Amino acid sequence: MSVLTDFDAHLLDDWQRGLPLEARPFARIAETLGATEAAVIDRLAEMQAEGTVARVGATCRPNTVGVSTLAAIAAPDWQIDEMARIVGAEPGVNHSYLREHDWNIWFVATAPDAASLAAALSRIEARTGLRVLNLPLKRAFNVDLGFRLGGPRHELRMGEAADTDAVQPGDRALLQALTEGLEITAAPYAALARQLGRDEGDVLDRIGALLAARIITRLGVIVRHRALGWRSNAMVVWKLPAAQIEAAGAALVAHPAVTLCYERHGTPDWDHTLFSMIHARTRGEALAAIADAATLPALAGAGHQVLFSIRCFKQTGAMLDRPRLEAAE
């Protein structure tokens, strides 16, 4: 990737959320940055092409529209690449990483409904010949990875429930398109409306309503932090009594180095149910942050494991709607 200029840094840091809901959002961004609309569009398109930006679009709150789970398989060393290809070939798998553990290929599986998700996990088991460790989400403390590249990180408190009653017919297709990404053009909402066969004003109104209902957690530039140097990233899992989870989750969310935090249902094979992510530039920086987090009073007596991410196999938007061909059958 190319070296980030001050313009790039502001573009990425200031616009990971709050993409303007107006006909020409990039013109509004350009105005705040003292640039031209064409410069903003061209640079975002360049960074998307080089992998610094995943997309300009939305992230959605888990299990509000569609369902998801965190899962893993224990692949033999000599089969890691083959097993990762099989996992990544499943359309609903939107994130997949190699991590330092016997359970070494970790992935997020998404689907429009529970039956589709179960079928996807069953296919992965059948095609890999390996058992899938399935760890569904129980409670989210912070699931927004839109942290700033410099300065304080944004905290998304999840205590206020999403208003799922706000979802209307047609919203699922709209959300699917937003998780795949807007066209980086002067009028991206108009392009999205044409894609969906809808009116631009209606699309803007529905996005605003879904943001207000906390279904959409973030609308903006979705950054690939690994491509920007955040390569020493660790999933840290904590073993605590159920009564201590809430306080521990709140304490971790407040820690400046913690970028994600959530509770998952455990299994007999996995009893560390509080999950957190540390994103750092070096392994030493990450280990220092983990050691500091372990001293938090709310985590007193907690056992923990550190699973560093070694490779990223796949990173895309979630599957919230059935593929068009499947939906037409």
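1. Arg-43 and Glu-46 pair through their side chains in a salt bridge, at 3.0 Å from N to O. The term salt bridge here requires a side-chain nitrogen of Lys or Arg within 4 Å of a carboxyl oxygen of Asp or Glu. Both residues sit in helix 3 (residues 37-50), 3 residues apart, which is about one turn of the helix. Helices are DSSP runs of H or I with at least four residues, strands are E runs of at least two, and numbering starts at the N terminus.

2. A word on the basis of these values. This is a predicted model, in which local features need pLDDT of at least 70 and side-chain atom pairs count only at pLDDT 80 or more, while totals for chains, interfaces and linings use all residues. Residues are numbered from 1 along each chain as its sequence is written, and side-chain values use heavy atoms, with hydrogens and water left out.

3. How exposed are the two partners? Arg-43 is buried, at 12% relative accessible area. Glu-46 is partly exposed, at 44%. The classes are: buried, under 20% relative accessible area; exposed, over 50%; partly exposed, in between (1.4 Å probe, protein chains only).

4. Arg-43 also forms a salt bridge with Glu-50. Here the closest N and O atoms are 3.9 Å apart. Glu-50 is partly exposed, with a relative accessible area of 31%.

5. Another pair to check is Glu-246 with Arg-139, a salt bridge whose closest N and O atoms lie 3.7 Å apart. Glu-246 belongs to helix 9 (residues 242-254) and Arg-139 to strand 5 (residues 133-142), so this pair ties together parts 107 residues apart in sequence. Glu-246 is exposed, at 51%. Arg-139 is partly exposed, at 29%.

6. Back to Arg-43. Salt bridges with shared partners join Asp-8, Arg-43, Glu-46 and Glu-50 into one network. Over the whole structure, the search finds 17 salt bridges. As background, side chains of opposite charge can pair when their charged atoms come close.

7. A separate site is Ala-177, in helix 6 (residues 171-180). Ala-177 is buried, with a relative accessible area of 6%. Which residues does Ala-177 contact, leaving aside its neighbours within four places in sequence? They are Leu-192 and Gln-195. Contact means heavy atoms within 4.5 Å.

8. Ala-177 can also be placed relative to Leu-320. The two are 143 residues apart in sequence. In space, their C-alpha atoms are 9.3 Å apart.
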